[in-house]
Every structure is written in C-alpha cells, then in structure tokens.
Amino acid sequence: MKRALIVVDLQNDFCPGGALGVAGGDEIIPVINRLINSFEIVVYTRDRHPENHVSFAENPQFTDKSWPPHCVDSTPGADFHPDLLVRTDGIIVDKGTDPEVEAYSGFQDTGLAEKLRARQVDTVYITGLATDYCVKATALDALKAGFRTFVVANACRGVDSPPGTVEKALSELREAGVEIITDDEIGSSAE
Ligand code: VGL
Ligand code: ZN
C-alpha cells in the first residue's frame, strides 16, 4: 500500500495579501515543497468558488463561517501560490464550485477517496491552509473514508479567530484518531 501527500488550498487568496489571508500561510511553502519531492503521490486541493458563492458576505464575520469573496474561479486569487511546486503528475481536486454548497473538505463531492484507492493509497499526510477549516475537514473525512491520517502541524497554518481555534482544531483531530506530527517525523518515500 502507498501513502499520499495532500496539499490543501495553497492559493493566493489564503496567503498574506490575499482576500482571506492566513497569517504565515506562505511560510509553510518551503516545508511543503520538500515533502512534495519525497512523495510518489501528491494531491492538491483548490477552493474554487463562483462569484455568488453562499459563503460570501459583505460584512463577513469569519466566526460564523461567512467570508469575504475569495478564490473566485478564474481570478488570480484562486491560483496556487507561485512558490508552490505543482507537479505535472499531481492530482488536482476543486471544491466549493456549487454556488449553494459550502465545501471545506477535499473529499466532499470530488471522488478523491476513490482516486486514492485506485492508486493503492492507504495513508495520507495532510498539509496546507487553513488548519481550523479545510485542513481539519479534509482530515476528518480522510479518516472516515478509512485512510490512516496524519496532519503535519508545522506544514499548516490557520485562521485562528478567535485565537486558540487552531489548537482546538488540533485536539479535536487528535481525539478523532488523526495523528498530529511534524515534517521531520516523515520518512523517505521508501518507507
Ligand atoms: C477555507 C474558509 C473558506 C479553507 C476555505 O481553505 O480553510 N476557509 N473557504
Ligand atoms: Zn472558501
């Protein structure tokens, strides 16, 4: 069986200067790029919303999951951060494309679990943005789909509003059975 790296939403709008910039979102890119080179199978998820997406608000509250418009399809904000290594053999999954439906998880209506199983993957390592939203939802769904699931904490950053939300998300994940690790605990692809 094989393992896959999942890079969640490393897009311009979630990095500093973006519409929904996460503090330090770009700092994790060197760590992720190193991991990308040591995995055979790499998945990139993308938040990809129509202009009229249900999560968009004029006065976004964040804490109630209303957000400023972000990652609008065919805008530069939806593009991967330019420093991210995007492999030509990477599996790209788009989510949040239905105007009426919010989708934090990379497994929601994307066929990702089946794509991974078809490649004999039984273990996933999750990195990216944001720890307290899309990383968390993706990790919980990975577990539900039967994958051994790791979250690489130092390769993730969160919205963290109110402060403490990231820590809370990590403890919820741990309780659910997700293994929280740092990148130096991951062996080479021969593992
Ligand atoms: C995300 C809020 C809204 C994420 C996506 O990628 O964590 N957060 N849309
Ligand atoms: Zn979104």
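The lining of the largest cavity comprises 10 nonpolar, two polar and three charged residues, where Ala, Val, Leu, Ile, Met, Phe, Trp, Tyr, Cys and Pro count as nonpolar, Asp, Glu, Lys and Arg as charged, and the others, Gly among them, as polar. The model is predicted, so local features need pLDDT of at least 70 and side-chain atom pairs count only at pLDDT 80 or more, while totals for chains, interfaces and linings use all residues. Residues are numbered from 1 along each chain as its sequence is written, chains are lettered from A and ligands numbered from 1 in the order in which they are written, and side-chain values use heavy atoms, with hydrogens and water left out.

View 1. A cavity is a set of points, on a 1 Å grid over the protein atoms alone, where a 1.4 Å probe fits but cannot get out; lining residues have an atom within 4 Å of a point. The count comes to one cavity of 30 Å³ or more. The largest cavity has a volume of about 120 Å³, a volume being the space filled by probe spheres set on the points, which are joined across faces, edges and corners. Of its 15 lining residues, F14, L20, Y104, Y133 and C134 lie nearest the centre.

**View 2. Ligand 1 and its shell.** Ligand 1 sits in the largest cavity, in that more than half of its atoms lie within 2 Å of the grid points. Around ligand 1 are D9, F14, L20, D47, W67, H70, Y104, L129, A130, Y133 and C134, each with a heavy atom within 4 Å of the molecule. By class, this shell has eight nonpolar, one polar and two charged residues.

View 3. Polar contacts are pairs of N or O atoms within 3.5 Å. A nitrogen atom of ligand 1 is 3.1 Å from a side-chain N or O atom of D47, and a nitrogen atom of the ligand is 3.1 Å from one in the side chain of H70. An oxygen atom of ligand 1 lies 3.0 Å from a backbone N or O atom of A130. The protein covers 100% of the 260 Å² of accessible area that ligand 1 has on its own (Shrake-Rupley method, 1.4 Å probe).

**View 4. Cis peptide bonds.** L129 and A130 are joined by a cis peptide bond with omega of about -15°. A130 lies in the loop between strand 4 (121-129) and helix 3 (131-144); helices (H or I, at least four residues) and strands (E, at least two) are DSSP runs, numbered from the N terminus. The bond from S161 to P162 is also cis, with omega near -5°.

Definitions and conventions. A polar contact is a pair of N or O atoms within 3.5 Å; within protein, one must be able to donate a hydrogen and the other to accept it, and residues adjacent in sequence count only if both atoms are side-chain atoms. On a 1 Å grid over the protein atoms alone, a cavity is a set of points where a 1.4 Å probe fits but cannot get out, and a pocket is an open set with protein on both sides within 12 Å along at least five of seven lines; lining residues have an atom within 4 Å of a point.
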